[in-house]
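Subject: Structure handover

Dear colleague,

I am passing the structure on to you with this email. My notes on what was found follow below it.

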Amino acid sequence: MSKGKLKVGVLVSGSGSNLQALIDACAAPDHPAEIVLVLSNRPGVRALDRAKAASIPSVVFDHKNYADRAGFDADMQQALDEAGVEFICLAGFMRLLTTAFVEHWSGRMINIHPSLLPSFKGLNVQQRAIDAGARFAGCTVHFVTPEMDVGPIIQQAVVPIHDDDTGDTLAARILVQEHNIYPACLRWVAEGRVRIEGERVFLDGATVPDAALLNPSLEKSD
């Protein structure tokens, strides 16, 4: 392992497409972070195959074998400590974490959510955005706090909703943007460019676009 890089643990529950995006980004020689452990709460998921293919150590703690969340989180914490993990990325991790675990990693754990938080927290968010008549959807990378899908926001990507969208088609377009912004946010954190002030995140060297997005937009008449 390269000396001086931020040692990252990634928590997964499923296919691990965002894990793969992080693996690919961290493979660059100049990337300031390295994934040292992948931890899953479900055995046999594809994310574990992705970790194996990248020669990243992985461990499974099947949540069904635990009587409570505290015991599950304690075993995770021990594994993270033994691997020397300094920072956590949640990548499709479908378990609620205890307040004690989250507070231990306060300011050192981020998540990606497939909506423009604080709108549409929870599950099935793409279809819910369509059903609500929203014109835009997207994804959000944020620091994790004890309340679900709440925490200081690092970056968001906006995706327009099409009239013929289904939850699946919208989710597929959002996923493309997830794979773009999650590795970028991890890099910024590892470079020390991110700071939290209250509920807001500030990024050294960031620029904010001036242009507004409109959906729908009317064609200009002759």
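A disulfide is taken here as a pair of cysteine sulfur atoms within 2.5 Å. By that cut-off the structure, which is a predicted model, holds zero disulfides. Cys 89 is in no such bond, and the nearest cysteine sulfur, in Cys 26, is 7.8 Å away. Cys 89 is also buried, at 0% relative accessible area. The picture for Cys 139 is as follows: its sulfur lies 9.2 Å from the closest cysteine sulfur, that of Cys 185, which is too far for a bond. Cys 139 counts as buried too, with 0% relative accessibility.

Overall fold

The protein chain has six helices and nine strands. Its radius of gyration is 18 Å, close to the 17 Å that the globule rule gives for 222 residues, so the chain is as compact as a globular protein of that length. The C-alpha trace spans about 65 × 40 × 35 Å along its principal axes. Of the 222 residues, 43% are buried. Among contacts with a separation of 6 or more, 62% are between residues 24 or more positions apart.

Salt bridges

Side chains of opposite charge can pair when their charged atoms come close. With a side-chain nitrogen of Lys or Arg required within 4 Å of a carboxyl oxygen of Asp or Glu, the count comes to seven salt bridges. Three of them are described here.

One of them joins Asp 30 and Arg 187, with the closest N and O atoms 3.5 Å apart. Asp 30 sits in the loop between helix H1 (17-26) and strand S2 (33-40) and Arg 187 in helix H6 (residues 167-190), so the pair ties together parts that are 157 residues apart in sequence. Asp 30 is exposed, at 54% relative accessible area, whereas Arg 187 is partly exposed, at 22%.

Another is formed by Arg 173 and Asp 165, at 2.8 Å from N to O. Here Arg 173 is partly exposed, with a relative accessible area of 25%, while Asp 165 counts as buried at 10%.

Glu 197 and Arg 195 also form a salt bridge, their closest N and O atoms being 2.9 Å apart. Both partners are partly exposed: Glu 197 has 43% relative accessibility and Arg 195 has 38%. Apart from these individual pairs, salt bridges that share partners join Asp 30, Arg 187, Glu 191 and Arg 193 into one network.

A buried charge

Which charged residue is buried yet has no salt bridge? Asp 62 is, and the nearest side chain of opposite charge, that of Lys 64, is 5.6 Å away. The backbone nitrogen of Lys 64, however, lies 3.0 Å from a polar atom of the Asp 62 side chain. Asp 62 belongs to the loop between strand S3 (58-60) and helix H3 (69-82). Beyond its neighbours within four places in sequence, Asp 62 is in contact with Asn 41 and Pro 43.

The loop between S6 and S7

Val 144 is in the loop between strand S6 (136-143) and strand S7 (153-160). Val 144 is buried, at 11% relative accessible area. Leaving out neighbours within four places in sequence, its contacts are Leu 90, Val 102, Met 109, Ile 110, Asn 111 and Val 150. Val 144 and Ile 35, 109 residues apart in sequence, have their C-alpha atoms 19 Å apart in space.

Asp 149 lies in the loop between S6 and S7 as well. Its phi is near 55°, a positive value in a residue other than glycine. Asp 149 counts as buried, at 12% relative accessibility.

Other backbone points

The loop between strand S5 (109-113) and helix H5 (125-131) contains Pro 118, and a cis peptide bond, with omega about 15°, joins Leu 117 to Pro 118. Phe 120 is found in the loop between S5 and H5 too. Phe 120 has a phi near 55°, positive although the residue is not glycine, and counts as partly exposed at 24% relative accessibility.

A cis peptide bond also runs from Asn 215 to Pro 216, with omega near 0°. Pro 216 is located in the segment after strand S9 (200-203).

Regards

Technical notes: Residues are numbered from 1 along each chain as its sequence is written. This is a predicted model: local features need pLDDT of at least 70, side-chain atom pairs count only at pLDDT 80 or more; totals for chains, interfaces and linings use all residues. Side-chain values use heavy atoms; hydrogens and water are left out. Helices (H or I, at least four residues) and strands (E, at least two) are DSSP runs, numbered from the N terminus. Buried means under 20% relative accessible area, exposed over 50%, partly exposed in between (1.4 Å probe, protein chains only). Lys and Arg count as positive and Asp and Glu as negative; His and the chain ends are not counted. A polar contact is a pair of N or O atoms within 3.5 Å; within protein, one must be able to donate a hydrogen and the other to accept it, and residues adjacent in sequence count only if both atoms are side-chain atoms. Contact means heavy atoms within 4.5 Å. The radius of gyration is taken over C-alpha atoms; the globule rule is 2.2 Å times the number of residues to the power 0.38.
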